[in-house]
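Student: I am new to this structure and would like to learn how to read its features one at a time. Could we begin with the way helices pass one another?

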Amino acid sequence: MSVLKCQNVTVKYENQVVISDVSFEVNQGDYLCIVGDNGTGKTTLLKAVLGLKRIQSGSVQFDPSLCRNEIGYISQQNNINRDFPASVYEVVLSGCLNKHGLSPLYSHAEKNSAEEIMKKLGIDEIRMKSFQDLSGGQQRRVLLARAMMASSKVLFLDEPVAALDPIATADFYDLLNLLRTDGLTIIMVSHDIHSAIHNASHILHLSADSYFYGTTAEYISSSFGQAYLNEQGTCRECHHALAHGINILSSDLPV
């Protein structure tokens with residue numbers, strides 16, 4: 001079932017076209033990574049899909065059963081006020097505020113949902129700690145939990161592992177793969193092509209004058225993908241293994 005369909009989308013940034021005539025489709029349970037060099041419009045496209053930036057032409061269509069305020073989103077910068085000592089539990093609960101309208105009160109069902117999500121993500125034992133006192137990896141888990149309070153169906157992530165150490169990064173990717181087993185759809189902007197081809201089911205690669213969209217295996221086999229992977233130093237053995245569905249640990253990939 002199609003969750004999101006973008007057709008011939010063109011987006012400008014500061015009066016310059018950065019996304020030109022891009023089309024792709026995301027189905028339920030897909031894990032799409034949007035990759036490409038800096039300045040190719042990855043974050044701009046994500047914001048355009050979310051309605052945070054105006055598109056010049058084309059269309060963005062979500063599954064009619066999916067409301068805009070039911071989409072989980074983690075931006076590059078978290079928007080938790082550093083001067084406000086919010087607890088982990090309070091941050092997680094705030095994920096459902098967009099569904100409340102004018103009501104500031106959380107329902108019993110929402111509180112139960114927050115408890116279940118915190119247990120699933122392994123942060124229930126730190127529920128009363130201040131968000132700002134957590135490590136980077138813990139903060140990302142909390143923000144992921146908050147995004148899941150907004151939606152258990154689709155999550156948009158913009159460079160969610162930026163500034164995390166390798167162990168915390170691997171832990172976060174493992175967590176995303178675990179959540180996919182529950183049918184969660186993930187659309188993520190990433191600068192790390194190695195992790196993208198290891199984890200994603202589909203790749204959308206943006207470049208200055210063209211783009212590629214397809215399954216990860218199709219990307220690895222394509223001239224588009226091979227040229228970029230060779231440029232980034234991904235070895236031929238990795239190409240072969242990934243193309244044939246052989247599991248490779250992130251630590252096995254060249255850096």
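Tutor: Let us start with handedness: a crossing is called right-handed if the near helix is turned clockwise from the far one by less than a right angle, and left-handed if it is turned anticlockwise. Please keep in mind that this is a predicted model. Here, helix H4 passes helix H5 in a right-handed crossing.

Student: What is the angle at which the axes of H4 and H5 cross?

Tutor: Two packed helices are described by the angle between their axes and the distance between the axes. The axes of H4 and H5, the latter spanning residues 166-180, come within 10 Å and cross at roughly 20°. That makes H4 roughly parallel to H5, because angles under 35 degrees count as roughly parallel.

Student: Which residues of H4 and H5 meet?

Tutor: From H4 come Gly-137, Arg-140, Arg-141, Leu-144 and Met-148, and they meet Ala-168, Asp-171, Phe-172, Leu-175, Leu-176 and Leu-179 in H5. By class, the residues of this contact divide into seven nonpolar, one polar and three charged.

Student: How are H3 and H4 placed relative to each other?

Tutor: The axes of helix H3 (residues 108-120) and helix H4 (residues 136-150) come within 10 Å and cross at roughly 140°. H3 and H4 are therefore oblique to each other, and H3 passes H4 in a right-handed crossing. In this contact, Glu-110, Ser-113, Ala-114, Ile-117 and Lys-120 in H3 meet Ala-145, Met-148 and Met-149 in H4. The contact of H3 with H4 has five nonpolar, one polar and two charged residues.

Student: How many of the residues of helix H1 are buried?

Tutor: Counting buried residues is a way to read how a helix sits in a structure. In H1, which covers residues 42-49, six of the eight residues are buried, so this helix is largely enclosed by the rest of the structure. The buried ones are Lys-42, Thr-44, Leu-45, Leu-46, Ala-48 and Val-49. H1 is followed by Gly-51, whose phi is positive, near 80°.

Student: Which residues is Thr-10 in contact with, leaving aside its neighbours within four places in sequence?

Tutor: Thr-10 lies in strand E1, residues 2-13, and counts as buried at 13% relative accessibility. Apart from those neighbours, Thr-10 is in contact with Val-17, Ile-19, Ser-20, Asp-21, Ile-55, Gln-56 and Ser-57.

Student: How far apart are Ile-220 and Ile-197 in sequence and in space?

Tutor: Ile-220 has its place in helix H7, residues 216-221, and is buried, with a relative accessible area of 3%. Ile-220 and Ile-197 are 23 residues apart in sequence, while in space they are 8.0 Å apart, C-alpha to C-alpha.

Student: How many helices and strands are in the chain?

Tutor: The chain has nine helices and nine strands, and buried residues make up 47% of its 255 residues. Among contacts between residues at least 6 apart in sequence, 66% join residues at least 24 apart.

Methods:
Residues numbered from 1 in each chain as written. Predicted model: local features only at pLDDT ≥ 70, side-chain atom pairs only at ≥ 80, totals over all residues. Heavy atoms only, no water. Helix = DSSP H or I, 4+ residues; strand = E, 2+ residues; numbered from the N terminus. Buried < 20%, exposed > 50% of the residue type's maximum accessible area, 1.4 Å probe, protein only. Contact = heavy atoms within 4.5 Å. Axes fitted to C-alpha atoms, helices over the stretch in contact; angles between N-to-C directions. Parallel < 35°, antiparallel > 145°, perpendicular 65-115°, else oblique. Nonpolar A, V, L, I, M, F, W, Y, C, P; charged D, E, K, R; others polar.
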